[in-house]
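Visitor: I would like to learn how to read the features of a fold from its coordinates. Please take them one at a time.

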Amino acid sequence: MNPNKVIVALDSKNLNKTLALVKILKQDVYAFKIGYQFFFNFGLEGYKNIYSICPKIFLDLKLHDIPNTVGKGLEALLKMKPLFTTIHISGGDEMMQASKSIKKNTKILGVSILTSMDSKQTKKYYNESLVSKIVKKFAKAAKNNKLDGVVCSPQEIKYIRKEVGNDFIIVTPGIRFNNKIKSDDQKRIETPKRAIELGANYLVIGRPITESKDPLKALKKINKTLF
């Protein structure tokens, strides 16, 4: 079993630079996350290029549509054999059930509340200022609908663990070396060590590694704090 817990987010417009980064980091990561920026720039061909170097990929496209559309989309997506992929829990019970009706090895994670949202935003769009209350409800719905886990901010991990138990996967973005950072679009953040202590299985980390002068050194530094 891979002891590493860091999933490096490949948010890039430079394919060659990204491929070089994957080659450097592949021995020290759990997986690589491919999201909108990379996938919309480089598509299936770019995905295959990453996969050929390291097949452990979290394809984070956050599907959210009517159940039939999400189900058919996942049928196509799962041919790419990612380790994880994502759907929005707010798409509802039928949408989540449709995603789990497809036979596959890929783990499907439910997205709860984006880490860029704070209590003012959740009050406006969910009519609830307590983020933890929304996330607990969403996590319970994801488990009841047989998803494999959730994506949540580190500040909600402890609430989710109590709600869903130890076998449910928790993948956590919003990871920073300094949890007092203000100039960032991630609102609900935490340090790597603290997120693991709270119960996260895997950490999604992008800019603190990919924008570092020495990405491998930055990754190794994080890994050392987790063991």
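**Reading the fold**

Guide: Start with a helix and what it covers: helix 3 (residues 67-77) lies across strand 3, strand 4 and strand 5 (107-111), running at about 160 degrees to strand 3. Keep in mind that this is a predicted model.

Visitor: What do the eight strands form, and in what order do they run?

Guide: They form a closed barrel in the order 1-2-3-4-5-6-7-8, and the pairing is parallel. From one strand to the next, the twist averages 25 degrees.

Visitor: How many bridges join strand 3 to strand 4?

Guide: Strand 3 (residues 57-63) and strand 4 (residues 84-88) run parallel and are joined by three bridges.

Visitor: Which residues have the most contacts inside the largest nonpolar core?

Guide: I34, L74 and I87 do, in a core of 59 residues. There is also a second, separate core of 12 residues, with I7, I169, V171 and Y202 among them. Returning to L74, residues up to four places away in sequence are not counted, and L74 then touches L63, T85, I87, S99, I102 and I108.

Visitor: How should I read the buried face of a helix?

Guide: The general idea is that an α-helix has 3.6 residues a turn, so residues three or four places apart point the same way. In helix 7 (residues 157-164), the buried residues are I157, I160, R161 and V164.

Visitor: Why are they on the same side of helix 7?

Guide: Because they cover an arc of only 105 degrees around the axis. These buried residues pack against helix 6, strand 6, strand 7 (169-172) and helix 8 (192-198). After helix 7 comes G165, with a positive phi near 85 degrees.

Visitor: Now a loop residue. Is N145 buried or exposed?

Guide: The cut-off for buried is under 20% relative accessible area. N145 has 6%, so N145 is buried. Its place in the chain is the loop between helix 6 (131-144) and strand 6 (149-151).

Visitor: Which side chain makes a polar contact with that of N145?

Guide: The side chain of D93 does, at 2.9 Å. Leaving out residues up to four places away in sequence, N145 touches D93, M96, Q97 and K100.

Definitions and conventions. Residues numbered from 1 in each chain as written. Predicted model: local features only at pLDDT ≥ 70, side-chain atom pairs only at ≥ 80, totals over all residues. Heavy atoms only, no water. Helix = DSSP H or I, 4+ residues; strand = E, 2+ residues; numbered from the N terminus. Buried < 20%, exposed > 50% of the residue type's maximum accessible area, 1.4 Å probe, protein only. Polar contact = N/O pair within 3.5 Å; in protein donor to acceptor, adjacent residues only side chain to side chain. Contact = heavy atoms within 4.5 Å. Pairing = 2+ DSSP bridges. Axes fitted to C-alpha atoms, helices over the stretch in contact; angles between N-to-C directions. Arc of directions from axis to C-beta. Core = buried A, V, L, I, M, F, W, Y, C linked by side-chain atoms within 4.5 Å.
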